[in-house]
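Hello,

Here is the structure you are taking over. My notes on what was found in it follow below.

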Amino acid sequence: LGKLELSDAEKEAYIEGVKAALDGESVGVTNPRQVQSKAQEFMTKRIQTITVANKAEGKTFLEEIAEKPGVQKTESGLLYEIIEPGEGPHATTKDSVRVNYRGTLINGKEFDSSYKRGQTAVFPVSAVVKGFGEGVQLVGNGGKIKLYFPSDLGYGDEFNPVSDIPPGSTLIFEVEMIDTNAQ
């Protein structure tokens with residue numbers, strides 16, 4: 001429920017409804033299917049609202065990033081900055097890569113980090129989100145890159161209650177390419 005970004009008034013109404021139901025009072029719904037239907041309807045509308053807001057905020061953010069010196073844009077809409085180009089071969093979609101990375105939302109909130117786990121990550125390039133997979137192909141071993149991409153190149157618009165990534169989120173990844181064809 002916390003991820004639904006409820007207002008204080010909505011939180012209070014929810015708590016009052018639960019209290020009333022626990023006390024056996026009528027809450028305007030007489031069977032469990034109606035409760036489930038109303039809850040689903042509310043969640044669907046709330047998720048749509050969050051998604052639309054995140055996409056609009058992300059669009060503005062990406063437009064601003066695109067104006068920064070050194071930022072380049074691919075045909076797919078991926079924005080990137082090469083911090084260090086690296087050496088050696090670049091990965092392809094057929095390769096696996098060993099990387100260190102940090103993923104954040106545009107508000108700076110970190111949602112994932114190999115650095116925090118204290119170990120590098122190995123991924124097949126074709127098995128990660130599109131923006132990440134495309135981005136790691138732009139630098140060689142030892143290279144560093146910063147990636148910025150909209151939700152359609154990331155985790156999309158789906159609500160995942162266990163993820164720290166809200167639907168429609170624009171993502172930022174700082175990636176250090178350690179090895180191509182990693183095991």
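Glu 63 and Lys 59 form a salt bridge, with their closest N and O atoms 3.1 Å apart. Please keep in mind that this is a predicted model. Both Glu 63 and Lys 59 belong to helix 2, where four residues, about one turn of the helix, separate them. Glu 63 is partly exposed, because its relative accessibility is 44%. Lys 59, at 53% relative accessibility, counts as exposed.

Helix 2 covers residues 32–66, and Glu 41 and Lys 45 are four residues apart in it, about one turn of the helix. Glu 41 has a relative accessibility of 40% and so counts as partly exposed. For Lys 45 the value is 51%, so Lys 45 counts as exposed.

In general, side chains of opposite charge can pair when their charged atoms come close.

**A network around Glu 110**

The count of salt bridges comes to nine. One of them joins Glu 110 to Arg 102, with the closest N and O atoms 2.6 Å apart. Through shared partners, salt bridges link Arg 102, Glu 110, Lys 116, Lys 146 and Glu 174 into one network. Glu 110 is partly exposed, as its relative accessibility is 21%; the cut-off for buried is under 20%. Arg 102 is also partly exposed, with a relative accessible area of 29%.

**Thr 104 in strand 4**

Glu 110 turns up again among the contacts of Thr 104. Thr 104 lies in strand 4, which runs over residues 96–105. Is Thr 104 buried or exposed? Its relative accessibility is 6%, so Thr 104 counts as buried. Leaving aside residues up to four places away in sequence, Thr 104 touches Lys 109, Glu 110 and Phe 111, and also Thr 170, Leu 171 and Ile 172.

**A nonpolar patch**

The last item concerns the surface. Tyr 14, Ile 15, Val 18 and Leu 22 make a nonpolar surface patch of about 400 Å². Val 18 is part of helix 1, residues 8–22. The relative accessible area of Val 18 is 36%, so Val 18 is partly exposed. A residue needs over 30% relative accessible area to be part of a patch, and Val 18, at 36%, has that.

Regards

Definitions and conventions
Residues are numbered from 1 along each chain as its sequence is written. This is a predicted model: local features need pLDDT of at least 70, side-chain atom pairs count only at pLDDT 80 or more; totals for chains, interfaces and linings use all residues. Side-chain values use heavy atoms; hydrogens and water are left out. Patches are made of residues with over 30% relative accessible area and no salt bridge: like charges are joined within 9 Å, nonpolar side chains (Val, Leu, Ile, Met, Phe, Trp, Tyr) within 5 Å. Accessible areas come from the Shrake-Rupley method with a 1.4 Å probe; for residues, only the protein chains shown count as cover. A salt bridge is a side-chain nitrogen of Lys or Arg within 4 Å of a carboxyl oxygen of Asp or Glu. Helices (H or I, at least four residues) and strands (E, at least two) are DSSP runs, numbered from the N terminus. Buried means under 20% relative accessible area, exposed over 50%, partly exposed in between (1.4 Å probe, protein chains only). Contact means heavy atoms within 4.5 Å.
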